[in-house]
Amino acid sequence: MTRSPEIVPVHRDPALHAPAAGLMRTGSTGWTTTDPLRATRAAGFLFMLGGVVLLGSTILEKLLGVARGDAVIDLSLLLTVVVPVALAVIGAGVLLQLFARRMPAVGALIGPLAAIALVVALDILTNDATAGAQAALLLPVVYAAAYLERNGMILVIATTIVALLGVSVALQSATGAYHDSFFDVAIIILCGVSVTRARRHRERGLDELRRRADIDPLTGAHLRHILDGALQRLVEGSPSHDGVALILVDADHFKTVNDREGHVAGDAALRHVVTVLRHNVRPSDIVSRIGGDEFAVLLPDCTRRSATARAEGVLADLRAAPLVLGDRRIALSASVGVAHCPDDAETVEDLYHAADRGLYRAKREGRNRLGLPA
């Protein structure tokens with residue numbers, strides 16, 4: 001008994017399979033970010049918020065000291081050190097916001113590290129290692145956990161802890177430094193882990209939504225917008241040496257199969273056609289369901305001759321491997337049209353029309369065959 005072709009897993013090449021709307025995420029090395037624009041803007045907000053927190057916390061600490069009778073406000077220190085540094089930090093944040101589109105991805109990593117250095121510098125200059133002064137060091141940690149990849153997040157958290165310990169040891173007594181640092185480090189780590197877990201859950205949810213938006217739930221083939229987006233990029237982008245081929249497949253007499261054998265058999269027949277298609281194409285090719293019983297295969301970097309041979313393989317496998325449902329064997333066939341860019345067309349629309357002409361030619365000549373554009 002002839003066995004059905006083995007199901008081949010879908011190969012998801014982001015460069016080809018990303019939707020035309022641009023859901024593709026920018027790749028990273030594990031250090032920077034998957035979204036440089038948003039991350040750089042967030043870094044700018046981090047700087048502005050950090051400047052406000054540094055200035056506000058310093059003034060608040062001095063006012064509390066005055067209220068308790070422990071200190072007096074040193075206006076010269078505020079005007080010559082705290083205010084200029086805080087304004088410089090806020091200004092840096094504004095610049096990051098304005099020029100976010102021009103910043104490289106590594107800027108998303110440099111931003112929080114620079115913020116840590118500025119917090120430490122201001123703590124040293126103001127001789128302040130209190131909780132209010134150290135609170136700004138939480139901001140780079142939250143940023144790293146929310147936007148950076150694992151290595152970058154670990155680097156920022158480790159740098160923050162080292163900076164916090166350095167400031168505490170330099171400006172506090174040994175007992176005070178040990179006591180404060182223990183709790184501060186625990187808070188920093190817990191904060192980073194919590195935000196990171198929340199981000200990962202959110203990304204998993206978004207990835208699942210993208211997957212569902214890209215894949216036909218019945219057959220597992222890609223949906224039409226994936227095919228169209230990839231075809232647009234391949235045809236209008238830099239042409240490959242062998243060109244691009246498009247195969248259109250229409251299951252013959254599918255309505256008859258559906259009516260005679262039932263919808264369960266009809267669904268199984270559609271899945272069987274997709275299995276045969278995947279069995280005859282490369283992992284980089286895109287198998288798509290574009291209608292009820294209509295399918296398409298996009299073959300990048302493929303000659304017309306190679307595409308025709310693959311289409312013939314699809315027809316041969318459908319003839320040799322009928323759909324088996326329990327003790328029933330249901331013969332399936334298809335009409336196939338093949339077109340090639342630039343041999344048959346030079347635009348996406350013309351390529352579709354050429355493949356359609358081949359498909360209807362196969363139908364006119366009796367179905368269960370391959371048709372080429374006239």
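This is a predicted model: local features need pLDDT of at least 70, side-chain atom pairs count only at pLDDT 80 or more; totals for chains, interfaces and linings use all residues.
View A. Most residues other than glycine have a negative phi. Helix α4 itself covers residues 107-126, a run of 20 residues. From its first C-alpha to its last, α4 reaches 28 Å, close to the 28 Å expected at 1.5 Å a residue. Have a look at the buried positions in α4 too: among them are G107, A108, L109, G111 and P112. Further along, A115, I116, V119, L122, D123 and T126 are also buried. An α-helix has 3.6 residues a turn, so residues three or four places apart point the same way.

**View B. D250 and K363 meet in a salt bridge.** The N to O distance for this pair is 2.4 Å. The pair links distant parts of the chain, with D250 in strand β1 (residues 244-251) and K363 in helix α13 (residues 348-364), 113 residues apart. Is D250 buried or exposed? With a relative accessibility of 5%, D250 counts as buried. For context, a search of the whole structure finds 10 salt bridges.

**View C. D252 pairs with R367 in a salt bridge.** Here the N to O distance is 3.9 Å. This pair, too, links distant parts of the chain: D252 sits in the loop between β1 and α10 (254-261), R367 in the loop between α13 and β7 (370-371), and 115 residues separate them. D252 counts as buried because its relative accessibility is 5%, whereas R367, at 28%, counts as partly exposed. Also in the loop between β1 and α10 is H253, which has a positive phi of about 50° although it is not a glycine.

**View D. R260, E261 and R328 are linked in a network of salt bridges.** E261 counts as partly exposed at 22% relative accessibility, while R260 counts as exposed at 56%. Side chains of opposite charge can pair when their charged atoms come close.

**View E. Four arginines, R150, R197, R200 and R204, form a positive surface patch.** Which helix gives the largest share of the patch? That is α8 (residues 174-214), which contributes three residues. R150 is found in helix α7 (residues 150-171). Its relative accessibility is 51%, so R150 counts as exposed.

**View F. V94, L95, L98, F99 and M103 make a nonpolar surface patch.** The area of this patch is about 440 Å². One of its members, L95, is found in helix α3 (residues 75-98). L95 is partly exposed, because its relative accessible area is 48%.

**View G. The peptide bond from C341 to P342 is cis.** Its omega is near 20°. P342 is found in the loop between β6 (334-341) and α13. As a reminder, most peptide bonds are trans.

**View H. D301 has a positive phi although it is not a glycine.** The phi value of D301 is about 50°. You will find D301 in the loop between β3 (294-299) and α12 (304-320). D301 counts as partly exposed, since its relative accessibility is 42%.

Definitions and conventions:
Residues are numbered from 1 along each chain as its sequence is written. Side-chain values use heavy atoms; hydrogens and water are left out. Patches are made of residues with over 30% relative accessible area and no salt bridge: like charges are joined within 9 Å, nonpolar side chains (Val, Leu, Ile, Met, Phe, Trp, Tyr) within 5 Å. Accessible areas come from the Shrake-Rupley method with a 1.4 Å probe; for residues, only the protein chains shown count as cover. A salt bridge is a side-chain nitrogen of Lys or Arg within 4 Å of a carboxyl oxygen of Asp or Glu. Lys and Arg count as positive and Asp and Glu as negative; His and the chain ends are not counted. The place of a charge is taken as NZ of Lys, CZ of Arg, CG of Asp or CD of Glu. Helices (H or I, at least four residues) and strands (E, at least two) are DSSP runs, numbered from the N terminus. Buried means under 20% relative accessible area, exposed over 50%, partly exposed in between (1.4 Å probe, protein chains only). The expected span of a helix is 1.5 Å times one less than its number of residues.
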